[in-house]
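Visitor: I would like a quick tour by question and answer. Where do we begin?

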Amino acid sequence: MGTESTPEKVKLLLGVLALQCCLAGFHIVSRAALNMGISKIVFTVYRNSIALALLAPFAYFLEKKNRPPLTFSLLVQFFLLAFCGITCNQGFYLLGLRYLSPTYASAIQNTVPAITFALAACLRLEHVNINKRYGMAKVIGTVVSIGGATIITLYKGMPLMNFKSAHMLGASVVSPNLVWNWTVGCLFLLGNCFAWSGWMVLQAPVLKKYPARLSVLALTLVFGLVQLFAIAAFCEDDNEKWKLHSGGELFTILYAGLVASGVALSLQIWCIDRGGALFTAIFQPVQTVMVAIMATIILGDELYTGGIIGAVLIVIGLYFVLWGKSEEKKRNSNQGNEPCLSRHLLSEEPSQEGKSVTNDVP
């Protein structure tokens, strides 16, 4: 990025900010959809159906010559990817969002890099070298991030401000037991983060066998929809739940499918191609700030001291992990021996085009 002209740097910066704005808007419209009474299963099915319709043509035509033949083993792995990345990931997210503010949902999701590192280290897919500064930084960042998430879960604190009022997006869906709702919501969102991290870890060996990332995402969506329809057959048999009753409901679903999964993915690919995965990840906390502002103005959400303290610790931990991985990447690049999983956790798994991306949409 250092050799780029100033206009290119400005365009890259605007692109990254636009990406975070699109993703921040997803948190808001998801909560608005729940407030309107849209079924969580229905919302997830429609969102992923739109995403698959957008992605499938690109995956088919762009990777037509690069796709290896499918085997039963690969199909099982795609099924597991869908279970972690679609069913559990998105399911836990919406369950958590029912009880918790979008601001804290976004803040807790900043723990994903740390949790991913911890899972990879436990599975011995990631080398932990505490004798080096970058290794210690990743360990400290992981502990601090998880500590911040624990504080958000166990300590709500006092409200900092209260803009509660009647809003056009509907009333809150939570029950009067705010402390219980807070804890349950945080636990669901931590489940979302663990599922998301597990999905990223599982992708690494799959992409080695099937190096066609868009096709992997498309097949993951297919299996995810199969799983969601199976769940819907038991949990959502009311045909009325599948009908959209207002323009607001249609807008939230279209935003989730078109903007969050379509525009955001395209922006992410462009930003990583121009500035690198690490540069793009550094701006993740900006999304949390945007969500906080929008949630306060649009949804009338409150901010609490416990949530703010935990969010700050999570962001500090995030930057420790990112710095550690950046230093490790530089060191391994100089030695010409960068671990594949390290590249993957920074969304830089090599492909036929030399660039790739991991979807940041929860």
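**Salt bridge, helices and rings**

Guide: Glu 240 has a relative accessible area of 40%, so it is partly exposed. Bear in mind that the model is predicted.

Visitor: Which side chain meets Glu 240 in a salt bridge?

Guide: Side chains of opposite charge can pair when their charged atoms come close. For Glu 240 the N to O distance is 3.0 Å. The cut-off is 4 Å. The partner is Lys 243.

Visitor: Is Lys 243 buried, partly exposed or exposed?

Guide: Buried would need under 20% and exposed over 50%. Lys 243 has a relative accessible area of 45%. That makes Lys 243 partly exposed.

Visitor: How many salt bridges does the count come to?

Guide: The rule asks for a Lys or Arg side-chain nitrogen within 4 Å of an Asp or Glu carboxyl oxygen. By this rule, the count is one.

Visitor: Where does helix 7 bend?

Guide: Helix 7 covers residues 178–209 and has 32 residues. From first C-alpha to last it reaches 47 Å, close to the expected 46 Å. The bend is about 30 degrees, and Pro 205 follows within four residues. The bend is at Gln 203.

Visitor: Which residue just after helix 11 takes a positive phi?

Guide: The phi is about 70 degrees. The residue is Gly 300.

Visitor: Which residues outside its sequence neighbourhood does Ala 218 contact?

Guide: Ala 218 sits in helix 8, residues 213–235. Its relative accessibility is 10%, so Ala 218 counts as buried. Leu 52 is 166 residues away in sequence but 6.1 Å away in space, C-alpha to C-alpha. Beyond four places in sequence, the contacts of Ala 218 are Leu 52, Leu 55 and Ala 59.

Visitor: How many aromatic pairs does a search of the whole structure find?

Guide: Ring centres must lie within 6.5 Å to pair. The search finds ten.

Visitor: What is the angle between the planes of Tyr 46 and Trp 242?

Guide: The centres of this edge-to-face pair are 6.0 Å apart. The pair links Tyr 46 in helix 2 with Trp 242 in the loop between helix 8 and helix 9, 196 residues apart. The angle between the planes is 80 degrees.

Visitor: Are the rings of Phe 79 and Phe 223 stacked or edge-to-face?

Guide: Their centres are 6.3 Å apart. Phe 79 belongs to helix 3 and Phe 223 to helix 8, 144 residues apart. Phe 79 is partly exposed at 38%, while Phe 223 is buried at 18%. The planes stand at 85 degrees, so the pair is edge-to-face.

Visitor: Which residue do ring pairs link into a cluster with Tyr 46 and Trp 242?

Guide: Tyr 46 is partly exposed, with a relative accessible area of 25%. Ring pairs join Tyr 46 and Trp 242 to a further residue, Phe 229.

Terms used
Residues are numbered from 1 along each chain as its sequence is written. Side-chain values use heavy atoms; hydrogens and water are left out. Helices (H or I, at least four residues) and strands (E, at least two) are DSSP runs, numbered from the N terminus. Buried means under 20% relative accessible area, exposed over 50%, partly exposed in between (1.4 Å probe, protein chains only). Contact means heavy atoms within 4.5 Å. The expected span of a helix is 1.5 Å times one less than its number of residues. The bend at a residue is the angle between axes fitted to the seven residues ending there and the seven starting there. Rings of Phe, Tyr and Trp (its six-membered ring) pair if their centres lie within 6.5 Å; planes under 30 degrees apart count as stacked, over 60 as edge-to-face and the rest as tilted.
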